[in-house]
Amino acid sequence: MDEEILSDFLVEASELVDQLNEQLVELEQSPTDADLLNAVFRGFHTVKGGAGFLGITPLVEVCHRAENVFDKIRNGDVSYDAVAADVILRAFDVISDSIEALNAGERDLPENDPQLLAELDQLTKGTAAEPVLEQPVPQAAEPVKDVSLQLPEGVDPDGEITDDEFEALLNQRDFLLSDGDQSNASSQSADVSLVLPEGVDPDGDITDDEFEALLNQRDQLQQSPAAQAASSTVELKLPEGVDPDGEITDDEFEALLNQRDLMLHEDDAFEVPPVKSAQPASAPAAPAARATQAAAPKSNSASAPKPPAKSNPESTVRVDTRRLDEIMNLVGELVLVRNRLLTLRGSSGSSEEISNAVGNLDHVTTDLQASVMKTRMQPVKKVFGRFPRVVRDLARKLGKKIDLELKGEETDLDKNLVEALADPLVHLVRNSVDHGVEMPQDRIAAGKPETGQVILAAEQEGDHILLSITDDGKGMDPDVLRRKAVEKGLMDEVAANQLDDKSAFELILSAGFSTAEQISDISGRGVGMDVVKNMITKLNGSIDIHSVLGQGTQISIRVPLTLAILPTLMVAFGEDSYAIPLTSVQEIFDYDASKTNKIDGQRMVRLRDKSIPLFFLDEWLSPGSSKESYDDDKVVIVSIGNQRAGLVVDQVNGQEEVVIKPLGVMLKKLSGYAGATITGNGNIALILDLPGVIQRFQY
Amino acid sequence: MQVSGSRGLVNNVSIMNDMDEEDFMGPSVRCVMFALENETYGIQVSKIREVLRVGQIRSVPGANRQVLGVINVRGVIVTVVDTRIMFDMMPKEIDDLSRIIIVELDDERTVGMLVDFVMEVKDIPEKKFEALSSTKDNASRHIQGIAHYQDSVIILVDVDTIFANHE
């Protein structure tokens with residue numbers, strides 16, 4: 001039953017983790033930003049809440065401690081320095097990995113590294129070691145374990161759960177969440193109690209209103225003495241609330257809940273169930289659970305066997321309801337137009353009426369297409385979000401100082417593209433940091449500012465997205481590249497010397513070409529630039545390299561806005577038309593037999609002092625119609641990776657933007673085709689897959 | 001339903017008889033009947049999305065011999081196979097009676113089967129089907145069973161198996 005809740009949790013948690021990833025690095029730049037601190041605190045808190053409800057104990061343990069640390073930090077007791085950041089980021093990685101593992105269908109998370117937990121606890125203690133610290137962490141951790149035992153009991157493996165049971169569980173979770181707040185309060189007050197060891201009145205004569213006001217105050221980081229005193233009161237009072245005796249009144253408890261709701265204001269769903277009856281119900285279970293504490297996480301997984309999650313969160317997309325309304329509206333319009341056309345068909349209306357209706361249809365479908373496309377669009381921020389962290393970690397490891405600037409994060413592009421671009425971009429950014437930006441001392445020696453700059457930018461350029469990675473590092477030396485190309489046997493010296501600088505830079509995109517003098521574990525890990533190039537080509541994109549020695553490098557990637565629509569060059573053999581992806585097409589000219597040579601059984605065409613292999617597509621596409629002469633044919637020069645080829649075709653029919661449709665049964669594995677499309681005149685055109693075409697002719 | 005023999009014996013209690021007959025015949029399979037080379041074939045209705053007249057079929061060079069090409073069915077590209085070639089028969093020219101039966105293999109995969117002509121939809125009692133006893137295994141792997149029903153032999157085609165080996 002909780003698979004559904006789990007998958008909801010995972011979607012939410014993944015988003016939070018993405019946010020946290022960015023916020024944590026940002027926080028290092030401005031460690032005292034109260035809004036940011038609160039946001040981070042809430043992030044951990046919300047993940048903990050969900051994980052606690054689902055009984056994912058290891059996740060709760062880490063989140064809880066991280067949350068404690070941030071509570072300290074926002075109260076100014078601990079500062080978020082690089083050391084703290086390292087520990088927190090490690091904790092964050094554990095959380096991020098756990099979410100990923102859960103997404104992948106894993107249900108038994110490994111136990112946490114005790115070292116990490118201890119370091120987090122150490123951070124919570126800060127510099128002052130107080131004797132009064134009443135082990136706030138174990139206290140908080142235990143009730144959480146209780147839940148992991150309790151849930152499986154309530155949650156019958158059969159999946160039939162009554163409303164009452166469910167409510168009890170919800171209450172339990174509420175109880176726990178508020179408990180989380182309490183332990184924050186208690187750990188926080190532990191510091192305070194050094195200052196006011198005896199000023200704490202255990203009886204806690206304080207009204208609910210005052211109490212709530214104080215809690216709010218605490219939230220707003222107002223560190224007045226009154227708040228401190230109050231929080232010590234809270235410390236003594238709240239742990240009692242968790243006590244099985246349950247001496248906390250309903251009102252007080254509700255105040256706590258309200259406070260929690262302030263933090264969790266987004267999840268309204270859980271606000272509803274009243275907490276009153278839950279207290280006695282969930283509290284007595286605690287001691288019993290403690291007895292079997294150690295076995296708790298295991299019994300959880302044993303008693304409630306969970307099927308692996310089938311739904312991959314990446315296969316879902318969140319769409320603004322306004323966008324959906326817009327689409328619904330347009331579909332309504334579409335139905336109206338259809339009805340009009342149907343009536344016209346019956347009454348054989350005037351041609352003017354028909355052309356009006358068709359015009360209307362044209363508008364509606366165009367708008368509808370645009371609206372549906374928008375639902376697939378996501379801001380590029382989703383990819384960019386991970387880079388501050390990547391750059392920070394790398395720079396720290398390499399001992400470099402680097403500022404990463406992100407531009408145009410709100411640019412929208414197709415969801416599939418967002419995912420497909422992630423890996424190539426990570427590689428390029430790593431390259432910039434590793435090979436581009438110099439060590440601080442070298443930069444100073446070269447008269448540059450000590451801190452290097454990497455700019456990651458996105459902008460829309462017509463129907464393309466332009467992504468660029470710019471660094472102000474040492475740039476590339478085209479002569480070194482030429483020399484390397486010769487050393488690696490990619491070309492002879494004469495050919496290498498003929499390369500202009502731009503072509504020389506493009507050498508780094510060739511397979512087996514690594515410019516790093518020594519391969520570091522950062523850039524030399526598997527993905528070469530040739531792989532990046534291939535991935536971009538697959539997206540019908542292109543890479544452009546610009547570099548000035550001593551001043552820096554800029555790598556630009558151009559990809560279409562969407563993968564669904566492909567600009568193509570339409571070619572034909574008789575009646576049958578074929579589409580060639582336009583990004584690969586370089587030039588078109590008339591076939592001239594006198595400019596061709598047959599070299600080693602392969603016909604080649606001479607083009608500006610280069611010989612390019614020719615492939616006569618009719619041999620494959622219209623077999624049997626062997627032609628005497630190709631004189632009226634055209635040659636389409638295409639580039640595939642670093643290779644160029646000339647395709648000989650009957651006719652060239654111009655450009656057309658096509659919607660790619662997959663080929664059906666028995667044709668999926670046929671090489672040479674990327675799919676099919678329906679052309680403007682209603683015919684089917686086959687889309688050629690150039691690497692497949694070349695392969696067909698070469699083997 | 002008409003089954004000779006049993007009806008003659010209990011002619012005077014016809015209502016009872018019908019019920020008995022239902023019980024006797026048990027569940028039935030609803031099939032679309034089509035013809036290939038003078039034989040009658042059947043495909044379960046639940047597998048069929050629609051039956052189309054033959055329009056323009058776009059050939060796909062390099063594809064298997066059985067594949068005639070692809071057609072556009074309301075924006076979806078569907079492969080069309082020549083059922084005759086699949087069943088090891090000689091191909092025949094497409095004429096006015098030729099039809100393409102669009103078969104749903106699963107939620108995502110559909111395929112069109114070109115047949116000589118489509119006849120009607122019939123309910124065939126399950127009990128009438130029997131496994132094929134012939135051992136000419138290559139041809140019979142598309143055949144789920146045969147039924148002797150209403151003076152004709154109906155060959156029930158197992159579409160899942162036909163296309164299982166062709167991905």
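The questions and answers below go from the chains to their helices, sheets and contact.

Q: What kind of model is this, and how are residues and chains labelled?
A: This is a predicted model, in which local features need pLDDT of at least 70 and side-chain atom pairs count only at pLDDT 80 or more, while totals for chains, interfaces and linings use all residues. Residues are numbered from 1 along each chain as its sequence is written, and chains are lettered from A and ligands numbered from 1 in the order in which they are written.

Q: How many helices and strands does chain A have, and how many does chain B have?
A: Helices (H or I, at least four residues) and strands (E, at least two) are DSSP runs, numbered from the N terminus. By that rule chain A has 25 helices and 18 strands, and chain B has five helices and 11 strands.

Q: What share of chain A counts as buried, and what share of chain B?
A: A residue is buried if 20 or more other C-beta atoms lie within 10 Å of its own, exposed if 12 or fewer, and partly exposed in between, with C-beta atoms placed from the backbone. Of the 699 residues of chain A, 36% count as buried, and in chain B buried residues make up 26% of the 167 residues.

Q: What part of the contacts in chain A joins residues at least 24 apart?
A: Two residues are in contact if their C-beta atoms, placed from the backbone, lie within 7 Å. Among such contacts in chain A between residues at least 6 apart in sequence, 72% join residues at least 24 apart; in chain B, residues 24 or more positions apart account for 51% of the contacts with a separation of 6 or more.

Q: Why are α18(A) and α23(A) called roughly antiparallel?
A: Axes are lines fitted to C-alpha atoms, for helices over the stretch in contact, and angles run from 0 to 180 degrees between N-to-C directions. Angles under 35 degrees count as roughly parallel, over 145 as roughly antiparallel, 65 to 115 as roughly perpendicular and the rest as oblique. Helix α18 (residues 415-436) and helix α23 (residues 529-538) of chain A pack at about 150 degrees, with their axes 10 Å apart, and α18(A) and α23(A) are therefore roughly antiparallel.

Q: Which residues make the contact of α18(A) with α23(A)?
A: From α18(A) come A:Ala420, A:Asp423, A:Pro424, A:His427 and A:Leu428, and from α23(A) come A:Val532, A:Met535 and A:Ile536. By class there are six nonpolar, one polar and one charged residues, where Ala, Val, Leu, Ile, Met, Phe, Trp, Tyr, Cys and Pro count as nonpolar, Asp, Glu, Lys and Arg as charged, and the others, Gly among them, as polar.

Q: What makes α4(A) and α5(A) oblique to each other?
A: The axes of helix α4 (residues 82-103) and helix α5 (residues 114-125) of chain A come within 10 Å and cross at roughly 135 degrees, and α4(A) and α5(A) are therefore oblique. Residues of this contact divide into seven nonpolar, no polar and two charged.

Q: Why is one side of β10 and of β11 of chain A left without a neighbour in the sheet?
A: Two strands pair if DSSP finds at least two bridges between them. Six strands of chain A form an open sheet in the order β10-β14-β15-β13-β12-β11, with mixed pairing. β10 (585-590) and β11 (596-599) stand at its edges, each with a single partner strand, so one side of each has no neighbour in the sheet. Five bridges join β10(A) to the antiparallel strand β14 (residues 634-640) of chain A, and A:Ile588 stands opposite A:Val636 in β14(A).

Q: How do you know that β17(A) is largely enclosed by the rest of the structure?
A: Five of the six residues of β17(A) are buried, so this strand is largely enclosed. β17(A) belongs to an open sheet of five strands in the order β16-β8-β9-β18-β17 (chain A), and β17(A) pairs with β18(A) in the antiparallel sense over five bridges. A:Gly675 stands opposite A:Ile687 in β18(A).

Q: Which elements of chain A give two or more residues to the side that touches chain B?
A: The contact takes 19 residues from chain A and 21 residues from chain B. The elements in question are α24 (618-621), β17 (673-678) and β18 (684-688) of chain A, and by class this side of chain A has 13 nonpolar, three polar and three charged residues.
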